[in-house]
Amino acid sequence: MGELVDGMRNERDRPAVLAHTVLRIRSESPDAYVFIFEGVEDVGVYEQWLRASALQVKYEPVLAAGKKQILGYMRSLCKSSSQLLMHVYGFVDRDFDLEVEDLSNLHDLCAHSFESLICSAPALESLLMDEFKCSAYPSARKEVISKFEKVFAEAKSAMLDMNFLLFASQRSGSTVIKKPEKLSHFMTVNLYDIQPKFTDATSVVLVDLKGANLAALRAEFDSLDDLMKFRGKYLYMIFKKWVDLLFIERSKGGEGLFKDVPKLSNAGSCPVTHRRLA
């Protein structure tokens, strides 16, 4: 049964599946561009980015089964010099890879992933102005953003070695045996501080790095800027949890970070989505 499931999964991940989808779309909408994304959350984020850009083009979004499928399909288009290259574009995260191969119509982010770009102080200020109803309280917003930057920096520092192990695995082609999939697996996030749930990163990230040049890998990792150094999904987990806690405090009114801001009426909840942060 396991072999059957693996076979079905491999079949689904083949670039030929994308090729069939693109041809069907082109037959139904000959004038439409086709933009291929890694996953469902990418669609909303890129829609927001493209809407805010000077590029105004009608396109049909297509979800791929990950980065490898997009690379394989775009590679096949380039080799065949297909006329589809005039209408098909692929969008991929950088992850911990080296620069993505230079393929026509393939765009890679200048960051680990889109989460690395949207979990930011400007995104938080936008939330404060709108959902948090702090548009007339610049001093309160400034204090909140200062606190966020402090806590976020602490979180990054705490999980630095954890991310290095994942980086080293990707760069050396080593196997990741275990890695955290939930925030609760590696960190407790509070409004005013964080508490890592490990003292040794190897207790939460288990990687077989035998034969890898760890000194060279560490030097390369340390040279990266923050947009490339941290797994975007972890940054989003931390950001979302902190904003959820912040909204609880905002709903109370008249205390803590919002001591000078009136209490919210009908506070409800603060839905933090990838699309909203973009």
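Predicted model: local features only at pLDDT ≥ 70, side-chain atom pairs only at ≥ 80, totals over all residues.
Which residue in β4 is the bridge partner of F91? The partner of F91 is H107.

Strands in a sheet are held to one another by hydrogen bonds of the backbone, and the pairing can be parallel or antiparallel. Here the sheet is open and has four strands in the order β2-β1-β3-β4, paired in parallel. At the edges are β2 (59-63) and β4, each of which pairs on one side only. On average, neighbouring strands of the sheet are turned by 20° against each other, if direction is ignored.

The pairings can be followed across the sheet. Strands β1 and β2 are parallel and are linked by five bridges; in β2, L63 is the bridge partner of F37. Strand β1 (residues 33-37) is also joined to β3 by three bridges, and these two run parallel. Within this pairing, I36 has G90 of β3 as its bridge partner, and V34 stands opposite V88 in β3. Three further bridges connect β3 with strand β4 (residues 106-108), again in parallel.

How many of the five residues of β3 are buried? In strand β3 (residues 88-92) the number is four, so the strand is largely enclosed by the rest of the structure. Strand β1 also has four of its five residues buried, and is therefore largely enclosed by the rest of the structure.

Helices cover parts of this sheet. Helix α3 (residues 40-52) packs on the sheet and touches β1, β2 and β3. The direction of α3 makes about 155° with that of β2. Helix α4 lies across β1, β3 and β4, and runs at about 145° to β3.

Helix α4 also has a helix as a partner. A pair of packed helices is described by the angle between their axes and by the distance between those axes. For helix α2 (residues 15-28) and helix α4 (residues 67-80), the angle is about 70° and the axes are 8 Å apart. Since angles from 65 to 115 degrees count as roughly perpendicular, α2 is roughly perpendicular to α4. The crossing of α2 past α4 is right-handed. On the α2 side the residues that meet α4 are P15, V17, L18, A19 and V22; on the α4 side they are Q69, I70, G72 and Y73.

The next topic is the interior. In soluble globular proteins, nonpolar side chains tend to be buried together. In this model the largest nonpolar core has 67 residues. Those with the most contacts inside this core are L124, F132, F239, W242 and L246. Helix α11 (residues 232-252) contributes the most to the core, with nine residues. Apart from this core lies another, of 19 residues, which include A64, I70, V88 and V92.

Helix α11 packs with helix α7 (residues 138-158) at an angle of about 145°, and their axes are 11 Å apart. The crossing of α7 past α11 is right-handed. From α7, the contact involves V144, K147, F148, V151, F152, A155 and K156; from α11, it involves L235, I238, F239, W242 and L246.

Two residues of this contact can be examined separately. If neighbours within four places in sequence are left aside, F239 is in contact with C119, S120, L124, L127, F148, F152, V272 and L277. W242 is placed in helix α11. Is W242 buried or exposed? Its relative accessible area is 2%, and the limit for a buried residue is under 20%, so W242 is buried. With neighbours within four places again left aside, W242 is in contact with L124, V144, K147, F148, V151, V189, N190 and L191. N190 is 52 residues from W242 along the chain, yet their C-alpha atoms are separated by 6.8 Å.

Most residues other than glycine have a negative phi. D95, which is not a glycine, has a positive phi of about 55°, and is placed in the loop between β3 and β4. K133 is not a glycine either, and has a positive phi of about 55°. The loop that holds K133 lies between α6 (121-129) and α7. K133 has a relative accessibility of 49%, and therefore counts as partly exposed.

Conventions:
Residues numbered from 1 in each chain as written. Heavy atoms only, no water. Core = buried A, V, L, I, M, F, W, Y, C linked by side-chain atoms within 4.5 Å. Buried < 20%, exposed > 50% of the residue type's maximum accessible area, 1.4 Å probe, protein only. Contact = heavy atoms within 4.5 Å. Pairing = 2+ DSSP bridges. Axes fitted to C-alpha atoms, helices over the stretch in contact; angles between N-to-C directions. Parallel < 35°, antiparallel > 145°, perpendicular 65-115°, else oblique. Left-handed = near helix turned anticlockwise from the far one by under 90°.
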